[in-house]
Amino acid sequence: MPPESTMADLNKGIAMMRWSRVPMPDQQDLMNALNNGPAFPATVSFDVRWSGGMQKRKTLRNSQHRFALQIMETAATIEWQAERGDLRLTSDAGTAKTVYAFVGRERNGIFF
């Protein structure tokens, strides 16, 4: 994923990930995919946004494994679209409900 496809401001608890027309084979159904059946050329696009940070902040730290994580709970939405020839499937972002989402900063290894 190219760096310009993402943005984050962890101090504000917001982030974005956007990618358009990514080539993705359409194998139509699970059984076809598991059996390595025929695939058709298709593309997918998505726009994921995390916002409304600063609700709750948490810090997780494990010195033994040299790992630290600071997170902020947020809301999140995703808009998604797939295209194959004349067929187009599009999500309905207006009906989305966030169950749990967060943005955060991780440190590990030599950065711990």
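**Close-up views of a predicted model**

**View A. Nonpolar surface patch.** I78, W80, L87 and L89 form a nonpolar surface patch of about 380 Å². This is a predicted model, in which local features need pLDDT of at least 70 and side-chain atom pairs count only at pLDDT 80 or more, while totals for chains, interfaces and linings use all residues. Residues are numbered from 1 along each chain as its sequence is written, and side-chain values use heavy atoms, with hydrogens and water left out. Patch residues have over 30% relative accessible area and no salt bridge, with nonpolar side chains (Val, Leu, Ile, Met, Phe, Trp, Tyr) joined within 5 Å and like charges within 9 Å; a salt bridge is a side-chain nitrogen of Lys or Arg within 4 Å of a carboxyl oxygen of Asp or Glu. Accessible areas follow the Shrake-Rupley method with a 1.4 Å probe, and for residues only the protein chains shown count as cover. At least two residues of the patch come from each of β5 (67–84) and β6 (87–90); strands (E, at least two residues) are DSSP runs numbered from the N terminus. I78 lies in strand β5 and is partly exposed, because its relative accessible area is 43% (buried: under 20%; exposed: over 50%; partly exposed: in between).

**View B. Surroundings of E83.** E83 is also placed in strand β5, and its relative accessible area of 19% makes this residue buried. The side chains of E83 and R88 are joined by a polar contact of 3.4 Å (N or O atoms within 3.5 Å, one able to donate a hydrogen and the other to accept it; residues adjacent in sequence count only if both atoms are side-chain atoms). Leaving aside residues up to four places away in sequence, E83 touches R21, A42, T43 and R88 (heavy atoms within 4.5 Å).

**View C. Aromatic pairs.** The structure contains 2 aromatic pairs (ring centres of Phe, Tyr or Trp, the last by its six-membered ring, within 6.5 Å; planes under 30 degrees apart are stacked, over 60 edge-to-face, the rest tilted). The W19 and F46 rings are edge-to-face because their planes stand at 90°, with centres 6.4 Å apart. This pair links distant parts of the chain, with W19 in strand β2 (residues 14–23) and F46 in strand β3 (residues 43–51), 27 residues apart. W19 is partly exposed at 28% relative accessibility, whereas F46 is buried at 18%. Y100 and F102 form a tilted aromatic pair, 5.9 Å from centre to centre with 55° between the planes. Y100 is partly exposed at 45% relative accessibility, and F102 is partly exposed at 37%.

Terms used
Helices (H or I, at least four residues) and strands (E, at least two) are DSSP runs, numbered from the N terminus. Buried means under 20% relative accessible area, exposed over 50%, partly exposed in between (1.4 Å probe, protein chains only).
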